[in-house]
Amino acid sequence: MGTLVEEILSRRVGRSVRAGDTVVAEVDAVMAHDVTGPLAIDAFRSLEMPIWNASRTVFSFDHVFPSNSVAASELHRRIREFAAEYGIRNLFAEGICHLVMVERGFVRPGGVVVGADSHSTTYGALGCFSTGMGSTDIGVTMATGRSWFRVPETLRIEVTGELARGVQAKDLALHVIRRLGAEGANYLAVEWGGPTVSAMGLSERLTLSNLSVDFGAKCGLCEVDARTWEYLHLPDGGDQRPGDPVYAEVLHIDVDDLEPQVSAPPAIENVRPLSELAGTRLDEVFIGSCANGRIEDMAVVAGMLDGHQVSPTTRTIIIPGTRTAYVQALERGYIDTFVRAGAVVMAAGCGPCLGRQHGTLGPGERALSTSMRNYPGRMGSPDAEIYLANPAVAAASAIAGVIADPREEH
Amino acid sequence: MSRVFRFGDGISTDAIMPGRYNLTTDPAALAQACFIENRPDFHETVRAGDVIVAGSNFGCGSSREHAPLSIKACGVSAVVARSFARIFYRNAVNLGLPVIRCADLYDAVEDGDQVEVDVEHGTITAHGRSFQGEPPSAVARRISEAGSLVELIRNHGWAAIEEVV
């Protein structure tokens, strides 16, 4: 009984724990990627301990894959050598770690997963307590299978109403960030609930949990229902809901009148209604990332781009988040649509989100991205501007070459 | 005495260590890139023992440990901020980089001021005034006393943390 996070952690440690308690808990899986992995390996080696469980240790090559530099190749080599030495077979180079972790079955309702990436909160959509940590914590978990957690107080976000056409989970999350600020949920668990969230598909819920860290949350949990099990291709294991929870705060949001939201530079909490920013010239549009790189996002974009051309003055980059999403997009003709529309389709991975690989922004350039961070310098030059929005807004904007309203497109 | 390098609110790990510069794990190389775009002269002007004083949500964004590691490698003796992003704070503690939450110091000092920081007690003296930082949690204190999380777990295992929670 309690909030979702209290229930999950209580079951895990075998006794009733409450917000404010600190626990040492076993994890189901531990993940690092090509940038955070080498430091985690260094920490692991310093411990001089055997590995906890090679089959539950995951490395993902996604932040710089395929490598574009000698330095990145060196990081990849160090991870491959470590994996070979310790018999780790979960060495994936098939897309963004958080999407791969879900596809590959490392995430289960009621589970506990830690990852060396802040957006490890994503798995909360599946009722799994998951959080991002630094490489040292992850190296310690690779050796011990455990980590310590202060059980967080919970902010419940109770959502009612129906999202209008062209308005998505991304807009709900950005709206919340506008109201609460970038550290509005620092140290808290966020619970996304209410009829609107129940009616959402898992792809949209994953977006909510993903963005929870961007207003500070330790985890972003959704209730588990029949859709959750179906998404995981598992037999229905029953619902998981809070029982007599005591919340630190409850935020009620009705989305009936919500319009698409855009986060404007220089920080994510600078969120405005789309109508205020429509017409802003764009040099780049990026569609993808762990926030919005799933096949459902690709479907929205393909529907918008079909029969259109992207603006010749705006480079448009589209990246299906995983190899699975890429193959599905191929089979459904989305890739054909993207390429014919003039977009550049790139290999599954993190892409331009962190300015390290392709589509790096120059000074004075302005991008609209479906990712989740717009700090100065995030996607390249610190003198570039990054706007964040949902995939429908991104597709409409790619066609127009300026920030555009997808509701006016068809 | 320590010289203050003062930063504003919402300093992200992208500002501390842009993603394009963290393709190394060598502390000396990371130090060279510390605040490279946000404050390009930082790594050249900072001296061992200097302190960073910042506003709210210091270290927000990515979990990349390269950020606190680069600050530590520059010789910074402590980061004192109004508030820290959760992951950055935990990473700093794990690495043995002293971090102190203090609500009042930020408005009382300017860039280049001289202050005295007592890391053990979390107190800062500036312009003859004393500022008290918030005490760390029992777990954070235990890790700090060991020097780093790796040292603590290697020598004492999880029992060292379980006995203080």
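The structure is a predicted model. The model scores ipTM 0.97 and pTM 0.97, and chain B averages a pLDDT of 96, with 100% of the residues scoring at least 70. The domain assignment gives domain 1 (4-150), domain 2 (154-254) and domain 3 (264-408) in chain A, and domain 1 (2-133) and domain 2 (135-165) in chain B.

**The contact between the chains**

- In the contact between the two chains, 37 residues of chain B meet 44 residues of chain A.
- On the side of chain B that touches chain A, the elements giving two or more residues are helix H1 (13-16), helix H5 (86-95), H8 and helix H9 (159-162) of chain B.
- The most is given by H5(B), with six residues.
- By class, the side of chain B that touches chain A holds 14 nonpolar, 14 polar and nine charged residues.

**Helix H2 of chain A**

- Helix H2 of chain A covers residues 37-47, and its buried residues are A:Gly37, A:Pro38, A:Leu39, A:Ala40, A:Ile41, A:Ala43 and A:Phe44.
- Within chain A, the buried residues of H2(A) pack against strand S2 (29-33), strand S3 (57-60), helix H3 (70-86) and helix H5 (135-144).
- The buried residues of H2(A) also pack against helix H8 (149-156) of chain B.
- After H2(A) comes A:Glu48, which has a positive phi, near 55°.

**The four-stranded sheet of chain A**

- Four strands of chain A form an open sheet in the order S10-S9-S8-S11, and the pairing is parallel.
- Strand S10 (219-222) and strand S11 (249-254) of chain A stand at the edges with a single partner strand each, so one side of each has no neighbour in the sheet.
- On average, neighbouring strands of this sheet are turned by 20° against each other, direction ignored.
- Six bridges join S8(A) to S11(A) in a parallel arrangement, and A:Ile157 has A:Leu251 in S11(A) as its bridge partner.
- Helix H1 (residues 4-13) of chain A packs on the sheet, where it touches S8, S9 and S10 of chain A, and its direction makes about 95° with that of S10(A).
- Helix H8(A) lies across S9 and S10 of chain A and runs at about 155° to S10(A).
- Strand S8 (residues 154-160) of chain A pairs with S9(A) in the parallel sense over five bridges, and A:Thr154 stands opposite A:Ala189 in S9(A).
- Strand S9 (residues 189-193) of chain A is mostly covered, with five of its five residues buried.
- From S9(A), A:Ala189, A:Glu191 and A:Gly193 point one way, while A:Val190 and A:Trp192 point the other way.

**Domains 2 and 3 of chain A**

- The C-alpha centres of domain 2 of chain A and domain 3 of chain A lie 24 Å apart.
- In the contact between these domains, 17 residues of domain 2 of chain A meet 15 residues of domain 3 of chain A.
- Helix H6 (169-180) and helix H8 (202-212) of chain A are the elements that give two or more residues to the side of domain 2 that touches domain 3.
- The largest share of that side, six residues, comes from H6(A).
- The side of domain 2 of chain A that touches domain 3 of chain A divides into four nonpolar, eight polar and five charged residues.

**The seven-stranded sheet of chain B**

- Seven strands of chain B form an open sheet in the order S4-S3-S2-S1-S5-S6-S7, with mixed pairing.
- Strand S4 (99-101) and strand S7 (129-132) of chain B stand at the edges, each with a single partner strand, so one side of each is left without a neighbour in the sheet.
- Neighbouring strands of this sheet are turned by 30° against each other on average, direction ignored.
- Strand S2 (residues 51-54) and strand S3 (residues 78-81) of chain B pair in the parallel sense over four bridges, and B:Val53 stands opposite B:Val80 in S3(B).

**The two domains of chain B**

- The C-alpha centres of domain 1 of chain B and domain 2 of chain B lie 22 Å apart.
- Domain 1 of chain B brings five residues to the contact, and domain 2 of chain B brings seven residues.
- The side of domain 1 of chain B that touches domain 2 of chain B has two nonpolar, three polar and no charged residues.

Key:
Residues numbered from 1 in each chain as written. Chains lettered and ligands numbered in written order. Predicted model: local features only at pLDDT ≥ 70, side-chain atom pairs only at ≥ 80, totals over all residues. Pairing = 2+ DSSP bridges. Axes fitted to C-alpha atoms, helices over the stretch in contact; angles between N-to-C directions. Buried ≥ 20, exposed ≤ 12 C-beta atoms within 10 Å, placed from the backbone. pLDDT = per-residue confidence, 0-100. Nonpolar A, V, L, I, M, F, W, Y, C, P; charged D, E, K, R; others polar. Domains from an automatic or database assignment.
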